[in-house]
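Please view the sequence and the model below before reading the grouped points.

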Amino acid sequence: MLIRALQFVSGECADEVAPTHGLPQSGWMWIDITAGPDDIDDLADLAEQLGLDTLAVRDTVEDIDLPKVDDFGTFMLVVLHALSEDRIETYELDCFLSERRLVTIHEQRSPSVDVLWDGVLSRPELASGGPDEALARLADVATRRLVCVLDVFEDRNDELIERALTADADFLMEITAVRADLAELRRAVHPQREALDILRHSISSLISDGGRRRFSDVFDTASRAAQGVDGARTALAETLDAYRGAEARQATEVTKVLTVYAAIMLPLSLVAGFFGMNFVDLPLLASPAGWLIVTGFMAFIAILSLGVFVSLGWTRRTSGRSAGAILGRGLVEAARTPAQLVGAVFEISTMPMRSVAGSVTGALRTKPTESSDE
């Protein structure tokens, strides 16, 4: 189990301190815990020291919960979901909010927690407000990382459409990967939007007016993500219909070729069958040049038939664009986008905004809003 703590004092950057169950004389404290199922006993002991509900703390590592908000009076449990670092998969981020303490518990490394943690150590505007506003900032970073999946989908969907129109053999594998990633995202986005809606309307004394305004902004971001996921599912369905149409067109082309081949061979078979009859008085049977005449006649019929089909356009080769680079990675580029905080007067970035692999681009964009740090 890994425990770290920050102490916040009004108007100053946060300071990293030794984890303790006591409260500082001034300001408030953020305790971040990375723990797994093997650390459940240590977590239970820590919960008693911090005055938290032991069962709620045990559930953070024993059960997988969807985003939700539970109000215990003296503290609130806010369950968020954030995007993993290297794959399209969400992990549970359990946040215990009290009057002068914020405790976050997660089972794996959290890019969202790390970027905010580094931010409050260097930017006093990020460390302003109480634990409720810090929780709102954390929810904002986590939710915007989910939104970045939709940015990657826009680029990926264009490639899928090209593959669908050419009835690419690997299309079904590619669209299945993307659909699975969107389904994973959808399971988290809609409950998270509902949890944020509860927080922005909460009458709990643990959430200030400034915190409610920040949660309202995050709710707008979550709503955009939820609408984007639903729109992406619709777009995938339309792309799949386009693939089925292109596949049917290709099947028609194959049938057409076979029809042309059969139509050319049928009169030739008729001629060959006619002169193959066992009658002694067949024309040209006794002529030395008879087989040449019949062969030439058959060649004339074949060329004439082929010419008719060419004039009708039945033998034209269908044009198609290159399917482009091989996909098969779903929307994993979004998971590799670093968590970032971008505001009106600050920008924290651990690596370039855009990560390009082939023709796929994933970006996390955040815009200044009314509740952004200024």
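Helices (H or I, at least four residues) and strands (E, at least two) are DSSP runs, numbered from the N terminus. The structure is a predicted model, in which local features need pLDDT of at least 70 and side-chain atom pairs count only at pLDDT 80 or more, while totals for chains, interfaces and linings use all residues. Residues are numbered from 1 along each chain as its sequence is written, and side-chain values use heavy atoms, with hydrogens and water left out.

- Leucine 116 belongs to helix α3, which covers residues 111–122.
- Leucine 116 is buried, with a relative accessible area of 2%; buried means under 20% relative accessible area, exposed over 50%, and partly exposed in between (1.4 Å probe, protein chains only).
- Although leucine 116 and valine 141 are 25 residues apart along the chain, their C-alpha atoms are separated by 7.9 Å.

- Strand β4 (residues 68–71) pairs with β5 in the antiparallel sense over four bridges; two strands pair if DSSP finds at least two bridges between them.
- Aspartate 71 is placed opposite methionine 76 of β5.
- The hairpin of β4 and β5 has three residues between the strands, and glycine 73 in this hairpin has a positive phi near 90°.
- In strand β5 (residues 75–83), nine of the nine residues are buried.
- From β5, Phe75, Leu77, Val79, His81 and Leu83 point one way, and Met76, Val78, Leu80 and Ala82 point the other way.
- In a regular strand the side chains alternate between the two faces of the sheet.
- Strand β6 (residues 90–98) runs antiparallel to β5 and is joined to it by nine bridges.
- Leucine 80 has leucine 93 as its bridge partner in β6, and phenylalanine 75 has serine 98.
- The hairpin formed by β5 and β6 has six residues between the strands.
- Because nine of its nine residues are buried, β6 is largely enclosed by the rest of the structure.
- Buried residues cover both faces of β6, with Thr90, Glu92, Asp94, Phe96 and Ser98 on one side and Tyr91, Leu93, Cys95 and Leu97 on the other.
- Strand β7 (residues 101–106) runs antiparallel to β6, with five bridges between them.
- Histidine 106 in β7 is the bridge partner of leucine 93, and the hairpin of β6 and β7 has two residues between the strands.

**Salt bridges**

- The whole structure holds 18 salt bridges, each defined as a side-chain nitrogen of Lys or Arg within 4 Å of a carboxyl oxygen of Asp or Glu.
- Side chains of opposite charge can pair when their charged atoms come close.
- Arginine 4 forms a salt bridge with aspartate 32, and their closest N and O atoms are 3.0 Å apart.
- This pair links distant parts of the chain, with arginine 4 in strand β1 (residues 2–8) and aspartate 32 in strand β3 (residues 28–34), 28 residues apart.
- Aspartate 32 counts as buried, at 2% relative accessibility.
- In helix α4 (residues 131–165), aspartate 140 and arginine 144 lie four residues apart, about one turn of the helix.
- Aspartate 140 and arginine 144 form a salt bridge whose closest N and O atoms are 3.0 Å apart, and both residues are buried.
- A salt bridge also joins glutamate 159 to arginine 156, with the closest N and O atoms 3.7 Å apart.
- Elsewhere, salt bridges with shared partners join Arg4, Asp32, Glu85, Arg109 and Asp114 into one network.

**A positive phi in a loop**

- Most residues other than glycine have a negative phi.
- Alanine 167, however, has a positive phi near 50°.
- Alanine 167 lies in the loop between α4 and α5 (171–200), and at 11% relative accessibility it counts as buried.

**Helix α7**

- Leucine 312 is part of helix α7 (residues 290–312).
- At 52% relative accessibility, leucine 312 counts as exposed.
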